[in-house]
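Morning, everyone. Have the sequence and the model open, and follow along as I go.

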2 protein chains.
Amino acid sequence: MGNVHFADRICSEIKKKKSHAVIGLDPIIERVPKFILEEAEQKLGKCDEGAAFALLTFNQLIIDAIESEVAIVKPQLAYYEIYGAAGIDTYWKTVDYAQKKGLLVIADAKRGDIDSTANAYARSFFGDEFNEWQTPKKVDSLTINPYLGTDSLEPFVQQAISKNTGLFILVKTSNPSSGDLQDVLTHKGSIAERVAKLVHNYALRDIGTSGYSSVGAVVGATYPAEQQIFREAMPHSLFLVPGYGTQGGKGKDITNAFNSDGFGALISASRSIIFAFEQEEASTFEQVQLSIRQAVKVMNNDINMALRSIGKLDW
Amino acid sequence: MGNVHFADRICSEIKKKKSHAVIGLDPIIERVPKFILEEAEQKLGKCDEGAAFALLTFNQLIIDAIESEVAIVKPQLAYYEIYGAAGIDTYWKTVDYAQKKGLLVIADAKRGDIDSTANAYARSFFGDEFNEWQTPKKVDSLTINPYLGTDSLEPFVQQAISKNTGLFILVKTSNPSSGDLQDVLTHKGSIAERVAKLVHNYALRDIGTSGYSSVGAVVGATYPAEQQIFREAMPHSLFLVPGYGTQGGKGKDITNAFNSDGFGALISASRSIIFAFEQEEASTFEQVQLSIRQAVKVMNNDINMALRSIGKLDW
């Protein structure tokens with residue numbers, strides 16, 4: 001995977017799977033299927049290690065269920081950090097398991113810090129071939145936060161370019177209060193629009209043969225009207241679009257995030273997919289997998305139909 | 001520790017130690033003393049586990065050297081995440097070691113996300129008594145990023161108040177590009193000033209007998225003129241002030257961050273302290289400790305002298 005431009009890998013896998021979906025692996029222990037929790041408690045007890053075992057088993061079940069239907073998974077660090085070192089062990093084992101199945105992994109971490117620390121974060125997620133103490137490990141891309149300004153983003157951009165990994169810089173997030181700072185108007189547009197300009201300039205430094213860059217943006221599904229503006233402001237950036245599903249976004253809300261080539265947006269859903277089995281009272285391994293796979297198929301279809309209806313479907 | 005208001009604990013410990021310093025535990029493997037690296041390589045080899053062993057040994061050396069001179073340490077997550085699960089294991093062992101020595105711990109993580117995820121992050125760092133799967137662990141306070149707006153901050157604030165822990169919300173950071181977004185002017189002041197107003201409103205919800213709140217702010221040492229403005233805007237908030245030392249700040253640059261009672265600012269230095277031994281070519285355990293302790297004493301003295309010269313020293 002290391003030698004191909006990140007955006008080209010993404011576009012090629014999306015085409016292969018006919019899916020623009022990103023599945024968030026954000027497991028919550030109380031909602032993990034009971035038969036997994038029972039096994040975890042029996043083996044390791046109720047502790048970080050037991051929880052980490054349960055989350056890994058659940059993630060592997062999910063990945064097995066969806067690997068043929070989607071190209072990308074997005075494990076959110078917060079849900080693993082709860083269980084300390086054992087949780088992080090499960091995080092990296094999940095990354096490894098997904099990558100071995102041919103899935104691309106976005107680490108949703110929203111990191112951001114001054115340059116020396118940003119460098120350390122980038123080396124944490126993208127690996128550090130010059131540090132002989134680090135055991136090799138690497139995600140395919142990472143979400144980062146722009147509040148600290150350009151010198152905090154630059155180390156991530158440089159490492160993403162040199163390591164063929166990707167970045168999604170927060171521009172406009174999907175939550176109800178996202179506008180508190182992001183929508184504030186200045187004499188050069190909103191704060192989010194200013195960040196979009198930064199992203200676009202970074203993006204121009206590393207465009208692949210797909211026409212897309214390794215430097216992308218997070219643009220929430222819950223603000224469809226703004227997606228058009230951001231799409232025009234960052235034509236070469238892949239958009240990671242959270243907010244589909246549990247947060248309220250539907251297929252028709254996210255079509256503006258795509259370019260006319262039918263690419264450019266990765267639509268993310270987490271809870272509505274990985275906990276789909278709860279609504280159907282699935283109680284066996286196979287039933288849980290079936291519910292999850294079915295939810296992904298419905299999501300893929302919803303997005304593909306919406307794109308087809310406006311002539312943006314590429315397959 | 002759990003029953004006393006965070007800010008009251010901080011102020012009481014600062015008074016006891018006669019020190020406003022926060023020592024950043026940001027270890028970089030290449031700069032760890034040679035005799036520690038040799039032991040780590042011999043025991044575990046050059047891998048995540050070996051690095052984690054070296055960082056923990058170095059941190060324990062530092063903590064032993066400074067425990068009588070300072071009240072607070074601030075391990076930065078990025079430097080531990082590089083080594084995966086083993087690094088996080090060292091992180092929490094460092095937190096535990098420091099707390100057992102009576103030091104308060106600020107987790108410098110700069111986390112921030114939508115509400116459900118912010119909740120998960122808060123439970124990662126402040127513990128979760130309602131989750132029987134989580135092995136208990138807890139830092140004393142946490143740095144967080146405001147870019148996602150109020151609904152992303154609220155879960156942290158609620159948990160900090162209910163768990164007697166503290167928060168430092170990024171307002172104005174110490175890095176050269178901090179102004180890219182933070183200094184942008186709006187019709188209601190700069191972005192940083194708007195965040196300061198949010199912080200002040202949160203702070204009013206939980207003021208201790210010291211007069212200080214569990215909700216504080218990060219305000220960099222490298223912008224002394226602005227400290228006065230922020231001090232007035234957030235009178236009840238403790239300021240975490242990075243940028244002293246390696247980043248260029250001196251004692252005279254940070255006096256504006258204090259209130260007239262001689263409290264309210266926690267002055268943070270990392271590399272200039274923990275790597276102080278490099279300049280003196282210290283090569284034994286005792287020499288390294290001595291250099292580090294001496295650097296802390298110089299820092300304490302620099303800050304205390306600066307405060308005395310303007311009549312703000314409380315001891």
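Let's begin inside chain A. Helix 3 of chain A, residues 48-66, packs on helix 12 of chain A, residues 285-309. The angle is about 55°, and the axes are 9 Å apart. Keep in mind that this is a predicted model.

What do we call that arrangement? Angles under 35 degrees would be roughly parallel, and 65 to 115 roughly perpendicular. The two helices of chain A are therefore oblique to each other. As for handedness, helix 3 of chain A passes helix 12 of chain A in a right-handed crossing.

Which residues make the contact? From helix 3 of chain A, they are A:Leu61, A:Ile62, A:Asp64, A:Ala65 and A:Ile66. From helix 12 of chain A, they are A:Phe285, A:Val288, A:Gln289, A:Ile292, A:Arg293 and A:Val296. Sorted by class, this contact of helix 3 with helix 12 in chain A has eight nonpolar residues, one polar and two charged.

Now chain B. Here too, helix 3 of chain B and helix 12 of chain B pack at about 55°, with axes 9 Å apart. That pair is therefore oblique, and its crossing is right-handed. The contact residues in helix 3 of chain B include B:Leu61 and B:Ile62. Those in helix 12 of chain B include B:Phe285 and B:Val288. Eight residues of the chain B contact are nonpolar, one is polar and two are charged.

While we are on helix 12 of chain B, look at B:Lys297, which lies in it. Buried or exposed, or something in between, for B:Lys297? B:Lys297 has 15 other C-beta atoms within 10 Å, so it is partly exposed. A residue needs 20 or more to be buried, and 12 or fewer to be exposed. B:Lys297 is also 226 residues from B:Ala71 in sequence, yet their C-alpha atoms are 13 Å apart in space.

Next, how the chains relate. Two copies of a chain are related by a rotation about an axis and a shift along it. Here, a rotation of 180° with 0.0 Å of shift along its axis superposes chain B on chain A, with an RMSD of 0.0 Å. The two copies are thus related as by a two-fold rotation axis. Which C-alpha of chain B is nearest the axis? That of B:Ala85, 2.3 Å from it.

On to the interface. In total, 57 residues of chain B are in contact with 57 residues of chain A. Several elements of chain B each supply at least two residues to the side that touches chain A, among them helix 3, helix 5 (84-100), helix 7 (150-162) and strand 6 (185-186). Which helix of chain B gives the most? Helix 6 of chain B, with six residues. By class, that side of chain B has 23 nonpolar, 20 polar and 14 charged residues.

One last stop, back in chain A. A:Gly179 lies in helix 8 of chain A, residues 179-182. With 18 other C-beta atoms within 10 Å, A:Gly179 is partly exposed, because buried would take 20 or more. Along the chain, A:Gly179 and A:Ile191 are 12 residues apart. Their C-alpha atoms are separated by 9.3 Å.

That's my tour. Questions, please.

Note on methods
Residues are numbered from 1 along each chain as its sequence is written. Chains are lettered from A and ligands numbered from 1 in the order in which they are written. This is a predicted model: local features need pLDDT of at least 70, side-chain atom pairs count only at pLDDT 80 or more; totals for chains, interfaces and linings use all residues. Helices (H or I, at least four residues) and strands (E, at least two) are DSSP runs, numbered from the N terminus. Axes are lines fitted to C-alpha atoms, for helices over the stretch in contact, and angles run from 0 to 180 degrees between N-to-C directions. Angles under 35 degrees count as roughly parallel, over 145 as roughly antiparallel, 65 to 115 as roughly perpendicular and the rest as oblique. A crossing is left-handed if the near helix is turned anticlockwise from the far one by less than a right angle, and right-handed if clockwise. Two residues are in contact if their C-beta atoms, placed from the backbone, lie within 7 Å. Ala, Val, Leu, Ile, Met, Phe, Trp, Tyr, Cys and Pro count as nonpolar, Asp, Glu, Lys and Arg as charged, and the others, Gly among them, as polar. Copies are superposed by least squares on the C-alpha atoms of residues with pLDDT of at least 70 in both.
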